[in-house]
There are 2 protein chains.
Amino acid sequence: MASIFTRIINGEIPCYKIAEDDHYFAFLDINPLAKGHTLVIPKEETDYYFNLSDEQMAGISVFAKKVAKAIGKTMPCKRVGVAVLGLEVPHAHIHLIPINDLGDINFLKPKLKLTQPEFTEIAEKISSAL
Amino acid sequence: MASIFTRIINGEIPCYKIAEDDHYFAFLDINPLAKGHTLVIPKEETDYYFNLSDEQMAGISVFAKKVAKAIGKTMPCKRVGVAVLGLEVPHAHIHLIPINDLGDINFLKPKLKLTQPEFTEIAEKISSAL
């Protein structure tokens with residue numbers, strides 16, 4: 001069965017898309033730790049991040065960098081942080097999270113509740129800075 | 001002035017080294033969140049991770065993957081997680097952290113206190129699995 005992320009890539013489940021190329025896809029996390037929290041995934045379904053091929057690992061990292069730069073330009077923060085855990089959805093994904101403090105990457109923290117217009121505005125801002 | 005990490009690379013400050021090539025270096029974090037918590041850095045000093053060149057971004061990611069695989073083989077954990085924050089030492093670094101739960105990546109948690117023989121043993125185990 002396709003992962004929820006594959007269904008997002010295929011348009012079966014809606015998302016707030018940020019960027020896409022032949023191999024990678026970026027969209028807003030709908031349970032964000034911060035405004036602009038984005039997920040970057042390979043289109044090819046692989047569960048464990050470190051099982052990506054060297055070529056995919058290099059490709060997704062460079063793709064994520066472009067997205068992170070756009071997040072940094074548009075979402076107020078000291079840095080765009082990175083996290084990969086892989087304990088929930090079995091489709092490798094990189095979290096890009098605007099951060100200001102050491103405690104800002106903590107997946108047990110309450111997530112932000114944003115409205116659809118807020119998500120849309122954030123996605124448009126980040127996309128337009130790409 | 002050279003960053004503390006550059007001084008580690010140059011051997012001016014001791015470390016528990018895991019791996020090294022022409023461009024990248026990996027060593028144990030001495031304030032670890034888990035046994036096997038490792039830092040991966042570029043030898044060239046760059047403060048912000050996302051200011052690495054595309055070539056460096058690709059290179060460090062593939063290098064980190066090799067190190068993460070060795071950590072995963074030797075340190076009991078569900079996954080090897082990744083975190084990049086960049087709020088403290090101004091020399092880009094990737095944290096590779098053995099994780100079992102969503103709360104395991106949280107830099108405000110108390111760090112493990114390990115003895116020199118424990119660090120040495122961990123470094124030898126991971127290095128030997130490379």
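A helix, as I use the word here, is a DSSP run of H or I at least four residues long, and helices are numbered from the N terminus. With that settled, let me go through the structure, which is a predicted model.

I start with one residue in chain B. Phe5(B) sits in helix H1 of that chain, residues 4–9. Is Phe5(B) buried or exposed? Its relative accessible area is 6%, and the cut-off for buried is under 20%, so Phe5(B) counts as buried. What does Phe5(B) touch, leaving aside neighbours within four places in sequence? The contacts are Phe27(B), Leu39(B), Ile41(B), Val89(B), His91(B) and His93(B). For a sense of distance, take Leu112(B): Phe5(B) is 107 residues from Leu112(B) in sequence, and their C-alpha atoms are 21 Å apart in space.

Now over to chain A. Helix H1 of chain A, residues 4–9, contains Ile8(A). Ile8(A) is buried as well, because its relative accessibility is 9%. Setting aside residues up to four places away in sequence, Ile8(A) is in contact with Ile13(A), Cys15(A), Phe25(A) and Phe27(A). One of these, Phe27(A), lies 19 residues from Ile8(A) along the sequence, with 9.2 Å between the two C-alpha atoms.

Next, chain A as a whole. Its secondary structure consists of three helices and five strands. In sequence order the pattern reads α-β-β-β-α-β-β-α. Of the 130 residues in chain A, 55% are buried. If we take the contacts between residues at least 6 apart in sequence, 58% of them join residues at least 24 apart.

On overall dimensions, the C-alpha trace of chain A spans about 35 × 30 × 30 Å along its principal axes. The radius of gyration is 14 Å, which agrees with the value near 14 Å for a compact globule of 130 residues.

As for the surface, chain A has an accessible area of about 6,000 Å², and carbon and sulfur atoms account for 52% of it.

Last, the two chains together. How is chain A related to chain B? A rotation of 180 degrees, with 0.0 Å of shift along its axis, superposes chain A on chain B with an RMSD of 0.0 Å. That is the relation of a two-fold axis. Of the interface residues of chain A, 100% are also interface residues in chain B, so the copies meet through the same surface.

Terms used:
Residues numbered from 1 in each chain as written. Chains lettered and ligands numbered in written order. Predicted model: local features only at pLDDT ≥ 70, side-chain atom pairs only at ≥ 80, totals over all residues. Heavy atoms only, no water. Least-squares fit on C-alpha atoms with pLDDT ≥ 70 in both. Contact = heavy atoms within 4.5 Å. Helix = DSSP H or I, 4+ residues; strand = E, 2+ residues; numbered from the N terminus. Rg over C-alpha atoms; globule rule 2.2 N^0.38 Å. Buried < 20%, exposed > 50% of the residue type's maximum accessible area, 1.4 Å probe, protein only. Areas by Shrake-Rupley, 256 points an atom, 1.4 Å probe, with all protein chains shown as cover.
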